[in-house]
Amino acid sequence: MLTLYGFPALYGLLMRLAYRRDYAARHALVAERIDDGVDDILEVCCGHLALHRELARRGVVRSYVGLEQSPAMLRRARRRGLDVRAFDVRAGGPLPTAGTVIMQASLYQFHDIADALLPRLWAAARRQLVIAEPVRDLAQSRVALVRWFGHALTRTPDGVHTFRYTEALLLDLYRRCQIPVSRLDHTPGGREVVVCSLKAPSR
């Protein structure tokens, strides 16, 4: 199936248009939530690496591993010399461990397996798990054309993902999985929430 994930530059441009003022703010908010003591980061479904650019700009990245399924996104990462590995989240394989594990704007694509996936992400995080998730986006618009654009942006080889979390549904998922919500923030425009879960330091 032809998707925008096959065209990283176009995908990035359209995401900027879709998120508008929240585009830069969403990456900045995730970067700000990373613990000072964390020196390695795993980003699951890293896409066109917009978050990595923000982390690098801030000097947060010391050790970074990305996981991605899209061949085009993988080629883009490898051209930049980044450690981004082919990974199918649905296949259920073990995740590499890292001080901080991040998933941004992707959990809704796996909502049918989220009760198993979120604990896998939490188990992979030695110190903290950061999930950024859209709770208000174009795919929820009442205008048919805008809704179509929102669906087109998030169409993957698995198909069109019409499900979206609300804040309440996302927090209910955390409760079911018994994963703590240490901090919850909203992007300025309210399009995305960022949930940070911290583990107690080992003694």
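**Aromatic contacts, cores and backbone of a predicted model**

The structure holds one aromatic pair. Its members are F163 and Y165, whose ring centres lie 4.9 Å apart. Their planes stand at 90 degrees, so the pair is edge-to-face. Here rings of Phe, Tyr and Trp (its six-membered ring) pair if their centres lie within 6.5 Å; planes under 30 degrees apart count as stacked, over 60 as edge-to-face and the rest as tilted. F163 is partly exposed, because its relative accessibility is 25%. Y165 is buried, with a relative accessible area of 4%. Buried means under 20% relative accessible area, exposed over 50%, and partly exposed in between (1.4 Å probe, protein chains only).

The model is predicted: local features need pLDDT of at least 70, side-chain atom pairs count only at pLDDT 80 or more, and totals for chains, interfaces and linings use all residues. Residues are numbered from 1 along each chain as its sequence is written, and side-chain values use heavy atoms, with hydrogens and water left out.

Two charged side chains sit over rings. R164 places its charged end over the ring of Y108, 4.3 Å from the centre of that ring. K199 lies over the face of W122, at 4.7 Å from the ring centre. The criterion is NZ of Lys or CZ of Arg within 6 Å of the ring centre and within 35 degrees of the ring normal.

The chain contains seven helices and seven strands. These are DSSP runs numbered from the N terminus, with helices (H or I) of at least four residues and strands (E) of at least two. From the N terminus on, the order is α-α-β-α-β-α-β-β-α-β-α-α-β-β. Of the 203 residues of the chain, 54% count as buried. Among contacts with a separation of 6 or more, 66% join residues 24 or more positions apart. Contact means heavy atoms within 4.5 Å.

The largest nonpolar core has 32 residues. Such a core is a set of buried Ala, Val, Leu, Ile, Met, Phe, Trp, Tyr and Cys residues joined through side-chain atoms within 4.5 Å. V44, V101, M103, L107, L118 and L121 touch the most other members. Two or more residues each come from β1 (40-44), β2 (63-68), β4 (98-104), α5 (114-124), β5 (125-134), α7 (167-177) and β7 (192-198). The element that gives the most is α5, with six residues. L121 contacts V44, L95, V101, M103, L129 and I131, leaving aside its neighbours within four places in sequence. A second, separate core holds 20 residues, including A31, I34, Y64 and A132.

Helix α7 has four named buried positions: L170, L173, Y174 and C177. Seen down the helix axis, the buried residues of α7 fall within an arc of 95 degrees, so they line one face. The arc is that of the directions from the helix axis to the C-beta atoms. An α-helix has 3.6 residues a turn, so residues three or four places apart point the same way. The cover over the buried residues of α7 includes α5, β5 and β7. A168 and R175 are exposed on the other side of α7.

Q178 follows α7 and lies in the loop between α7 and β6 (183-186). Its phi is near 55 degrees, a positive value in a residue other than glycine. Q178 is exposed, with a relative accessible area of 71%. L49 also has a positive phi, of about 70 degrees, although it is not a glycine. L49 lies in the loop between β1 and α3 (50-58). At 0% relative accessibility, L49 counts as buried. Most residues other than glycine have a negative phi.

The count of disulfides is zero, with a disulfide taken as a pair of cysteine sulfur atoms within 2.5 Å. For C45, the closest cysteine sulfur is that of C46, 8.0 Å away and too far for a bond. C46 is in no disulfide. Both cysteines are buried: C45 has a relative accessible area of 18%, and C46 has 5%.

R90 lies in the loop between β3 (84-86) and β4. R90 is partly exposed, with a relative accessible area of 32%. R90 and L117 are 27 residues apart in sequence, with their C-alpha atoms 8.6 Å apart in space.
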